[in-house]
Amino acid sequence: MTGRAAIFTGARQPFQFREYPIPEVGPRDLLVKVRMANICGSDIHAWEGSFPGGTFAPGTILGHEMAGEVFDQGERFRTDSTGKPLKVGDRIAYSYFRFCGQCIACLHGDSTCPYRYEYRDAGPDQYPHFNGAYAEYFHMDRGFWVFKVPDELSDDLVSPVNCALAEVLYGLHRTGVTLGDTVVIQGVGGLGLYATAVAKEMGAREVIAVDRIAARLELAEEFGADRTLNVEHTSSEERVARIRQWTGGDGADVAVEVSGAPGVIQEGLDSLRQGGRYLWVGNITPKPAEISPTTVVRASRTIFGVVAYEKWVIPRALDLLVRTQAKYPYHKIVSDKFPLDQISEAFSVAAKREVIRVGLTM
């Protein structure tokens with residue numbers, strides 16, 4: 001038996017499909033039948049060629065934000081990461097990375113293992129071939145985290161869990177959103193919409209959403225945003241002034257950067273109160289930002305950079321979706337869907353950045 005994979009061929013080039021033999025599973029392995037995979041912002045950067053050289057080489061399988069079902073399993077992979085029994089056909093959410101367990105970050109229990117993508121970076125021409133989301137299968141071993149999906153959650157709701165939702169849930173946990181906080185969300189794409197809902201669920205008194213697309217700001221209100229600021233109609237100085245006005249002159253308790261635009265960093269700092277906290281998630285490509293360090297030092301502000309998360313995050317993300325899916329329109333996160341056969345067209349649509357998330361169905 002073989003399975004198809006969409007192969008990245010170079011910056012802004014059409015994907016090519018290749019067939020690979022479906023790998024046999026060892027005692028500690030699991031083979032996933034991918035049901036849906038999404039195009040994350042980092043995937044768009046990779047396709048556009050804006051990552052440093054060698055990060056995503058032509059000939060690899062892109063994609064990481066996905067969900068699937070158990071297709072085959074080894075005898076020592078019969079439970080998920082919480083101990084629940086797993087069987088063929090069960091839908092699962094799972095990490096797209098695994099920690100090495102031997103580096104300085106793993107030694108200290110940090111979620112920043114620099115080798116967490118080695119499994120993916122091996123490329124599909126090496127066994128077990130299926131190590132990216134844009135393929136019919138995904139192979140993993142016991143180093144990955146796997147969680148059975150509640151029946152009441154659709155694939156549309158589950159597929160963004162292991163990246164967009166998990167990242168902001170863990171980031172806001174690290175940053176420490178507390179009861180009564182005012183939170184500014186810079187950018188309300190997929191991550192920003194999740195961050196809005198999560199901040200409200202964590203007890204934020206007020207969430208202020210900032211974006212340049214009016215439709216996204218309207219959607220942010222459906223996710224719990226109390227106020228919005230349109231970048232197209234306001235200057236940076238005006239936005240900072242309004243945030244201070246809305247917070248009694250003090251500034252926000254927390255700001256969250258999920259826009260991916262380096263130029264918004266100083267604005268985020270200026271929006272914070274004395275002792276405020278700033279979460280950075282969106283700026284993942286090596287683009288410089290000019291900031292004034294004194295706005296951090298003299299105001300005793302704290303910056304948190306988050307690029308991965310811990311094991312407990314995915315099951316709590318699934319639980320959040322179950323408890324609040326009638327409260328927030330999570331189904332609107334994956335705003336457009338294409339079959340895997342149309343992946344090149346799907347990337348062209350996603351790269352315009354006018355949609356929230358593009359999903360690929362298998």
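The dialogue below discusses strands, their side chains and their pairing.

Reply: This is a predicted model, in which local features need pLDDT of at least 70, side-chain atom pairs count only at pLDDT 80 or more, and totals for chains, interfaces and linings use all residues. Residues are numbered from 1 along each chain as its sequence is written, and side-chain values use heavy atoms, with hydrogens and water left out.

Me: Which way do the residues of strand β5 point, and are they buried or exposed?

Reply: In a regular strand, side chains alternate between the two faces of the sheet. Strands are DSSP runs (E, at least two residues), numbered from the N terminus. In β5 (residues 91-94), Arg91 and Ala93 point one way, Ile92 and Tyr94 the other, and all are buried (under 20% relative accessible area, 1.4 Å probe, protein chains only).

Me: Which strands pair with β5?

Reply: Two strands pair if DSSP finds at least two bridges between them. Strand β4 (residues 66-73) pairs with β5 in the antiparallel sense over two bridges, and Gly68 stands opposite Ile92. Strand β7 (residues 146-148) is also antiparallel to β5, over three bridges; there, Lys148 is the bridge partner of Ile92.

Me: In what order do the six strands of the open sheet lie?

Reply: The order is β10-β9-β8-β11-β12-β13, with parallel pairing. Because β10 (227-230) and β13 (302-305) each have a single partner strand, one side of each edge strand lacks a neighbour in the sheet. Strand β9 (residues 206-211) is joined to β10 by four bridges, and Val210 stands opposite Leu229 in β10.

Notes:
Buried means under 20% relative accessible area, exposed over 50%, partly exposed in between (1.4 Å probe, protein chains only).
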